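Visitor: I'm new to this one. Could you walk me through it?

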Amino acid sequence: MPKSGAQILLECLVREGVEALFGYPGGAIIDIYDQLPNYPLKHILVRHEQGAVHMADGYARASGKVGCALVTSGPGATNAVTGIANAYLDSIPLVVITGQVPTALIGNDAFQEVDIVGITRPCTKHNFLVKDLESLPLIIRRAFHLARTGRPGPVLVDVPKDIQQKKMAFKFPSDSAVAMRSYNPTVQPNKQQLKKAVGLLLGAKRPIIYAGGGIISSNASDPLAWLARTLQIPVTCTLMGLGCFPGEDPLFLGMLGMHGTYAANMAITNSDVMLAVGARFDDRVTGKLATFAPHAKIIHVDIDPTSIRKNVRVDVPVVADCRLALEGLKEIVESRLAEKDWVAVHAPWLGQCKDWATQHPLTWKENGGIKPQYVVDAIYRLSKGQAIISTEVGQNQMWAAQFYKYNTPRTLLTSGGLGTMGFGLPAAIGAQIAFPDKLVVDVAGDGSIQMNIQELITAVCNKLPVKVVILNNGYLGMVRQWQELFYAKNYCGTCMDAQPDFVALAKAYGAVGLRATTKEEVEPVLEEAFRTPNTVIVDVRVEREENVYPMIPAGASLTEMLLV
Amino acid sequence: MRHVLSVLVENEPGVLSRISGLFSGRGFNIETLNVGPTLEEGVSVMTITTTGDDQIIEQIIKQLRKLVTVIKVVDLTELTSVELEMMLLKVHAEDAKKAEIFRLLDVFRCKIVDVGQDDIIVEATGDHDKLRALVTLLQRYGIKEMARTGAVALKRSLQLD
């Protein structure tokens with residue numbers, strides 16, 4: 001029996017393994033919504049399309065599956081763009097379906113028409129405009145294939161209304177049809193390069209592993225841990241990599257870069273061999289390039305060839321899936337294990353790293369008020385490190401990165417590349433959809449949370465017990481910190497002390513609102529929040545002008561850290 | 001340094017914009033860009049001339065290869081290749097100067113494809129240097145308009161050192 005484009009699309013989604021669909025209807029997508037109840041897809045009705053894409057993103061980060069969002073044409077599609085760009089910069093697999101005006105009207109400035117394929121070209125891994133119904137099934141299959149293979153990323157499929165309505169006999173395209181001659185990511189590492197890499201690693205006196213989000217997206221934590229522990233190599237992670245190596249492991253030095261630990265930045269600077277895996281030497285990580293890891297021979301493993309030698313010189317490039325590359329390294333290292341006593345060989349270097357960590361650990365100074373770092377630390381202790389943490393962007397994000405120890409992958413969901421305020425709440429909702437029984441906490445700021453606060457109702461009406469902990473300082477804190485340190489305390493535009501009553505707001509949305517105004521109240525209030533089976537907002541009135549330290553001023557060297 | 005890249009692409013709507021967007025979005029230069037069909041239906045070849053140091057050229061090639069619609073990228077600068085460009089020039093040519101101009105065009109093996117009252121249209125084909133020399137020499141008579149195809153290039157079958 002012939003099926004409509006809308007039916008075909010939904011059947012393809014089901015067969016691609018989609019379980020949850022985050023969306024918002026509109027005129028150009030109504031035909032798909034019309035068929036939606038007939039398919040085993042859980043639809044989460046959002047309140048803004050940006051929220052839909054961030055939810056799909058949070059779902060994908062937490063579960064490792066492809067996230068899927070469904071929005072209408074025009075403003076629905078443009079509202080989704082920030083979410084798409086966010087996923088693109090963090091290499092998160094998404095398929096975003098946008099409705100489009102009927103084919104005959106395309107290009108006529110029709111009502112709610114926008115060239116979303118043109119707009120999202122630079123912020124998607126790839127995108128498609130479906131021009132005829134016959135190509136729809138293959139395009140959907142290819143969209144999922146592109147999103148989840150190689151370096152993952154968002155793929156957008158723009159489906160005109162007439163194509164959703166047209167009918168044809170449907171056959172699900174075979175796997176062989178999905179392959180594209182122009183798309184062949186290199187996943188298998190080159191053996192010779194791996195041998196060279198092992199040669200460098202085993203000859204090193206001061207080796208370091210610099211691990212990024214690629215470890216998480218390729219599920220490479222096990223071989224990474226094996227390599228680090230067997231050869232006794234200290235590990236530092238990027239913001240995107242946190243959780244890929246246990247935060248409590250003695251070999252873990254913490255995050256590196258602008259707000260990284262003293263130990264991590266000193267170890268990078270003094271290392272003689274660096275194994276960079278699934279990371280891209282972002283400017284927030286390297287600081288001044290000329291003085292970044294000046295003594296290190298660099299081995300760089302990444303699935304994306306463009307990441308290699310983009311910012312730094314590399315001695316041994318390895319283009320491959322991080323897991324396959326690390327397993328390959330493991331195999332070669334195993335055959336040479338007997339050569340030395342690695343614990344003894346690297347003991348002096350690890351001792352040095354430990355000294356740096358003791359000299360300047362991550363810490364804060366108590367002064368009677370509520371320190372935001374203390375709040376994150378309390379969340380860590382009370383959740384026993386078992387929560388999924390999402391963050392907004394700014395100081396809240398950096399404190400969440402520094403003071404919560406992530407022991408397993410996919411437990412920190414944060415907007416690393418784009419730095420999107422308003423990401424945390426919808427991402428937490430997406431994660432809670434993927435893991436209904438887990439504790440999901442959005443560590444928020446009072447500025448960021450207001451950027452997608454409307455999604456509170458999405459959490460409430462879907463009975464999602466997401467906890468939002470607002471580190472409320474009445475400022476856009478990170479920008480204020482820059483103004484304090486580099487702009488002569490000219491706090492222009494950053495004081496946001498005019499704000500809603502977050503407790504009353506929570507209640508208005510049907511959530512639970514709690515507040516802590518003294519340090520003594522913090523733990524009991526958090527305990528209550530975590531016990532409550534509802535959506536909760538916790539408004540924590542923290543010290544207003546607390547800064548994130550260590551800090552490396554933009555463009556300075558990793559050793560030029562401002563410390564607590 | 002100037003590089004000539006031969007880029008084989010799936011001829012889909014938007015492919016040109018993907019490539020030009022890549023150059024503009026990442027701050028790479030495009031000196032010339034030529035697109036045309038190949039013998040295989042649905043596949044086009046783009047010849048792009050661009051400039052940059054080794055690291056930039058390496059990034060350009062990698063970024064082009066990363067595009068899902070790009071089948072193959074070859075840097076012809078590293079190989080022996082034939083590179084030609086065609087241009088049309090409308091040159092100011094009053095009667096007194098015509099003979100002189102015609103002699104010059106003869107040396108460059110150009111064709112005169114149109115003659116007006118006080119100007120002519122010249123068709124010239126050649127490599128980058130020849131065309132540059134021709135334009136320089138004709139400028140003293142006055143070039144009214146110019147249209148160029150951008151370079152097209154093919155790798156030579158015999159790659160002799």
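Predicted model: local features only at pLDDT ≥ 70, side-chain atom pairs only at ≥ 80, totals over all residues.

Visitor: How far apart along helix H14 of chain A are A:Arg323 and A:Glu327, in helical turns?
Guide: H14 covers residues 322-335 of chain A, and A:Arg323 and A:Glu327 are four residues apart in it. Their side chains meet in a salt bridge, with 3.3 Å from N to O. Because they sit four places apart in the helix, the separation is about one helical turn.

Visitor: Are A:Arg323 and A:Glu327 buried, partly exposed or exposed?
Guide: Buried means under 20% relative accessible area and exposed means over 50%. A:Arg323 has 32%, and A:Glu327 has 33%. So A:Arg323 counts as partly exposed, and A:Glu327 also counts as partly exposed.

Visitor: Which residue forms a salt bridge with A:Asp377?
Guide: Look at helix H16 of chain A, residues 372-382, where the two partners lie four residues apart, about one turn of the helix. The closest N and O atoms are 2.9 Å apart, and the partner is A:Arg381.

Visitor: What about chain B: how many residues apart in sequence are the parts tied together by B:Glu31 and B:Arg2?
Guide: The side chains of B:Glu31 and B:Arg2 meet in a salt bridge, 3.0 Å from N to O. B:Glu31 lies in the loop between helix H1 and strand E2 of chain B, and B:Arg2 lies in strand E1, so the pair ties together parts that are 29 residues apart in sequence.

Visitor: How many salt bridges does the structure hold over all chains?
Guide: Some of them join up: A:Glu16, A:Arg141, A:Arg148 and A:Asp175 are linked in a network of salt bridges. Over all chains, the count is 38.

Visitor: What distance separates the ends of helix H6 of chain A?
Guide: H6 has 13 residues, 136-148, and at 1.5 Å a residue it should span 18 Å. Its buried residues include A:Leu136, A:Ile139 and A:Phe144, and A:Arg141 is one of them too. After the helix comes A:Gly150, with a positive phi near 60°.

Visitor: Is A:Glu11 buried or exposed?
Guide: A:Glu11 lies in helix H1 of chain A, residues 5-15. Leaving aside neighbours within four places in sequence, A:Glu11 is in contact with A:Lys3, A:Tyr39 and A:Phe170. Its relative accessibility is 16%, so A:Glu11 counts as buried.

Visitor: How much accessible area does the nonpolar patch of A:Phe486, A:Tyr487 and A:Leu562 have?
Guide: A:Leu562 is found in the segment after strand E20 of chain A. At 31% relative accessibility, A:Leu562 counts as partly exposed. Together, the three residues of this surface patch have about 280 Å².

Visitor: And what separation is there between the centres of domain 1 and domain 3 of chain A?
Guide: Chain A is divided into domain 1 (3-171), domain 2 (191-359) and domain 3 (372-541). In domain 1, 25 residues are in contact with 27 residues of domain 3. Taken over C-alpha atoms, the centres of domain 1 and domain 3 of chain A are separated by 29 Å.

Terms used:
Residues numbered from 1 in each chain as written. Chains lettered and ligands numbered in written order. Heavy atoms only, no water. Helix = DSSP H or I, 4+ residues; strand = E, 2+ residues; numbered from the N terminus. Expected span 1.5 Å × (residues − 1). Buried < 20%, exposed > 50% of the residue type's maximum accessible area, 1.4 Å probe, protein only. Patch = residues over 30% accessible without salt bridge, like charges linked within 9 Å, V, L, I, M, F, W, Y side chains within 5 Å. Areas by Shrake-Rupley, 256 points an atom, 1.4 Å probe, with all protein chains shown as cover. Salt bridge = Lys/Arg side-chain N within 4 Å of Asp/Glu carboxyl O. Domains from an automatic or database assignment. Contact = heavy atoms within 4.5 Å.
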